[in-house]
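Reader: I should be grateful for a close look at a single helix of this model and at the parts around it. Please set out its dimensions, its packing and its surroundings in one connected account.

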Amino acid sequence: MLISQTMNEALNQQIGNEFSASLQYVAIASHFAAETLPELAAHFFKQAEEERDHAMRFVNYVVEAGGRAEIPAIPTSQAEFKTVEEAIQLSLDREKTVTEQINELVQLALKETDYITNNFLAWFLTEQLEEVSSMENLLRMVQRAGENNLLFVEDYLARHHGRKTAMPTAQT
Ligand code: FEO
């Protein structure tokens, strides 16, 4: 096995965190769909798929490294939101939390001089930069439009449909 038992357990925890993020985005997308905001719904269903992909990257890595991928219990997602802003603020907070979790995994990898896992985690650091940045932009856009003018946000997302991220980011 290329990773320590401690690292295996920490990576398993992150598998749960990524699946949890995926399910939270499904809940948010469903809420937007119910509120007849189809572009916001599509955007968050896509985010949910990306988070599932993140979870699977961790699963594949643990298996490849000779560890055991065990999926922890996933907490219930928040399903009701008073405003669109509240849902997107929650998403941003969750992305920041995931960033801290990835940072902690990097710290553990360095502490264990586990450079293979450290190298694996580098992709996630770049991904978190992009995701936090794009979610901050979406939040700002929703705040600027206001809850009564969300069709501006819908229109923007429709026009940028097909990009990896709907929002311009620091990297583009
Ligand atoms: Fe996979 Fe956006 O955290």
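Author: Helix 2 comprises 27 residues, and the distance from its first C-alpha to its last is 39 Å, close to the 39 Å expected at 1.5 Å a residue. The model in which these values were computed is a predicted one. After helix 2 comes Gly66, with a positive phi near 85°.

The partner of helix 2 to be considered here is helix 1. Helix 1 covers residues 5–34 and helix 2 covers residues 38–64; the two pack at an angle of about 165°, and their axes are 8 Å apart. Because angles over 145 degrees count as roughly antiparallel, helix 1 and helix 2 are described as roughly antiparallel to each other. Their crossing is left-handed. Sorted by class, the residues in the contact of helix 1 with helix 2 are 21 nonpolar, seven polar and three charged.

Since Phe32 belongs to helix 1 and Phe44 to helix 2, the pair ties together parts that are 12 residues apart in sequence.

Just after helix 1, a positive phi of about 55° is found at Thr36.

Helix 1 also packs against helix 3, at an angle of about 170° and with the axes 11 Å apart. Helix 1 is therefore roughly antiparallel to helix 3. The contact of helix 1 with helix 3 contains 16 nonpolar, seven polar and three charged residues. For helix 3, residues 84–111, the 28 residues should span 40 Å at 1.5 Å a residue, and its end C-alpha atoms are 41 Å apart, which agrees.

On the side of helix 4 the contact is made by Leu138, Met141, Val142 and Ala145, and on the side of helix 5 by Leu150, Val153 and Tyr156. By class, the contact of helix 4 with helix 5 has seven nonpolar residues, no polar and no charged.

How values were computed
Residues numbered from 1 in each chain as written. Predicted model: local features only at pLDDT ≥ 70, side-chain atom pairs only at ≥ 80, totals over all residues. Heavy atoms only, no water. Axes fitted to C-alpha atoms, helices over the stretch in contact; angles between N-to-C directions. Helix = DSSP H or I, 4+ residues; strand = E, 2+ residues; numbered from the N terminus. Parallel < 35°, antiparallel > 145°, perpendicular 65-115°, else oblique. Left-handed = near helix turned anticlockwise from the far one by under 90°. Nonpolar A, V, L, I, M, F, W, Y, C, P; charged D, E, K, R; others polar. Expected span 1.5 Å × (residues − 1). Contact = heavy atoms within 4.5 Å.
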